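Please open the model in a viewer and keep the selection tool at hand. The stops below say what to select and what is there.

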Amino acid sequence: MRTRVAGALLAVLVLAVTGCTSDDGSPQSEPAAGAGAAADRVEPLSDTPDPQLPVTVRSSDGHDVTVKDAERIVPLSGSLSEIVFTLGLGDRVVARDITATFTQAEKLPVVTRNHDVSAESVLSLKPDLVLAEATTGPAEAMGQIRDAGVPVLVVDPAKGLDDVGPRIETVARALGVPAAGKELTRRSEARIAAVRKDVPKKTDEPRVAFLYLRGSASVYLIGGKGSGATSLLEAAGAVDAGAESGLKKDFTAITTEALAQAAPDAILVMSKGLESVGGIDGLVEIPGVAQTPAGMDRRVVSVEDGVLLNYGPRTDAVLKSIVGQLYGDGDGDGDGNGDGNGDGNGDDTK
């Protein structure tokens with residue numbers, strides 16, 4: 001579930017998701033979330049790199065971090081986990097965030113949920129290195145991990161496609177595998193470029209509104225400037241309807257007026273968010289949605305929560321899925337596997 005959303009919606013997500021530890025504070029293993037998780041895999045580099053340590057790297061929070069070993073790594077977000085595994089060092093990862101839903105990570109114990117970390121759970125695993133997002137917290141927990149002598153590298157947040165390479169290379173440098181980082185960056189950027197090259201050329205760019213939905217918590221938000229979705233939508237040949245309509249905040253409560261102003265031709269949602277409101281039938285019951293062109297056409301683009309805004313090694317698959325659903329080419333579930341679950345319910349309704 002991705003750094004921009006996590007930062008803007010931390011309080012909401014804490015309400016929507018239960019705790020991640022047992023009563024004694026020890027980490028718990030949980031199955032990966034989402035239907036079809038068995039096919040949800042990352043693709044590591046063909047050659048496993050050999051970390052050359054120690055290294056000292058600059059953390060985005062201003063600290064110089066010296067990494068002496070990388071045998072036990074704890075990435076505190078799904079995005080950072082994805083990078084470590086794709087670099088070929090997944091066998092060194094000893095815990096995960098709840099958003100790391102890909103198959104290779106699914107049996108790891110969960111130590112943080114939506115950037116709310118359990119220091120006790122992390123420290124119980126005796127990590128050599130903790131990788132964190134700028135939104136990871138609470139601050140007291142992060143301070144407790146640092147005070148225990150564990151190196152903590154905070155990585156700059158992902159805001160768009162331009163952040164794919166820098167985030168990969170930052171993690172790779174900290175792990176002592178800078179060459180692998182450059183290789184993975186080249187591969188990721190080349191794949192994204194290939195998808196962009198195949199985006200259908202349209203005279204009228206479709207207007208797409210990004211909606212963040214959590215029906216169980218009665219949370220219905222529309223993304224504006226800074227939601228994190230703009231870069232993906234523009235790469236898919238679309239207009240971010242919320243941002244273009246003048247919404248300045250990352251997210252704003254959905255109103256009939258806001259939706260009318262955005263006037264989306266299609267709606268982008270996370271798959272679990274769509275499920276939480278009862279699929280497309282429930283989505284169009286949200287006030288104002290049925291009156292938009294997207295609502296009238298039931299035109300919905302659904303992408304798996306754990307990858308939509310990661311801006312990492314699988315962003316090409318995310319972009320391909322968005323393009324496929326938006327223009328009717330059939331890859332509709334956000335995992336890049338082409339199985340056409342465009343509404344999150346398995347019937348490929350557009």
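Start at Ser 218, which is exposed, with a relative accessible area of 55%; here buried means under 20% relative accessible area, exposed over 50%, and partly exposed in between (1.4 Å probe, protein chains only). This is a predicted model, in which local features need pLDDT of at least 70 and side-chain atom pairs count only at pLDDT 80 or more, while totals for chains, interfaces and linings use all residues. Residues are numbered from 1 along each chain as its sequence is written, and side-chain values use heavy atoms, with hydrogens and water left out.

Ser 218 sits in the loop between S10 and S11. Helices (H or I, at least four residues) and strands (E, at least two) are DSSP runs, numbered from the N terminus. Ser 218 is not a glycine, yet has a positive phi of about 55 degrees. Next select Lys 126, in the loop between helix H4 (119–124) and S8. Its phi is also positive, about 50 degrees, and Lys 126 is exposed at 63% relative accessibility. Most residues other than glycine have a negative phi, and most peptide bonds are trans.

Two cis peptide bonds can be selected here. One joins Leu 53 and Pro 54, with omega about 10 degrees; Pro 54 is in the loop between S1 and S2. Another joins Gly 137 and Pro 138, with omega about 5 degrees, and Pro 138 belongs to the loop between S8 and helix H5 (139–147).

**Salt bridges**

How many salt bridges does a search of the whole structure find? The search finds twelve, a salt bridge being a side-chain nitrogen of Lys or Arg within 4 Å of a carboxyl oxygen of Asp or Glu.

Select Arg 187 and Glu 43, whose closest N and O atoms are 3.8 Å apart in a salt bridge. Arg 187 lies in helix H7 (residues 178–197) and Glu 43 in the loop between strand S1 (28–29) and strand S2 (55–58), so the pair ties together parts 144 residues apart in sequence. Arg 187 is buried at 18%, whereas Glu 43 is partly exposed at 42%.

Move to Arg 207 and Glu 244, a salt bridge with closest N and O atoms 2.8 Å apart. Since Arg 207 is in strand S10 (residues 207–214) and Glu 244 in helix H9 (residues 241–244), the pair ties together parts 37 residues apart in sequence. Arg 207 counts as buried at 19%; Glu 244 is partly exposed at 47%.

For a network of salt bridges, select Asp 40, Glu 82 and Arg 314.

**Helices H3 and H6**

Glu 82 is also one of the buried residues of H3. Twelve of the twelve residues in H3 are buried, and what covers them includes strand S4 (73–75), strand S5 (96–97), H6 and H7.

Show helix H3 (residues 78–89) with helix H6 (residues 164–174): their axes come within 10 Å and cross at roughly 65 degrees. Axes are lines fitted to C-alpha atoms, for helices over the stretch in contact, and angles run from 0 to 180 degrees between N-to-C directions. H3 and H6 are therefore roughly perpendicular, a label for angles of 65 to 115 degrees. Ser 79, Leu 80, Ile 83, Val 84 and Leu 87 in H3 meet Arg 167, Ile 168, Val 171 and Ala 172 in H6, contact meaning heavy atoms within 4.5 Å.

Definitions and conventions
Parallel < 35°, antiparallel > 145°, perpendicular 65-115°, else oblique.
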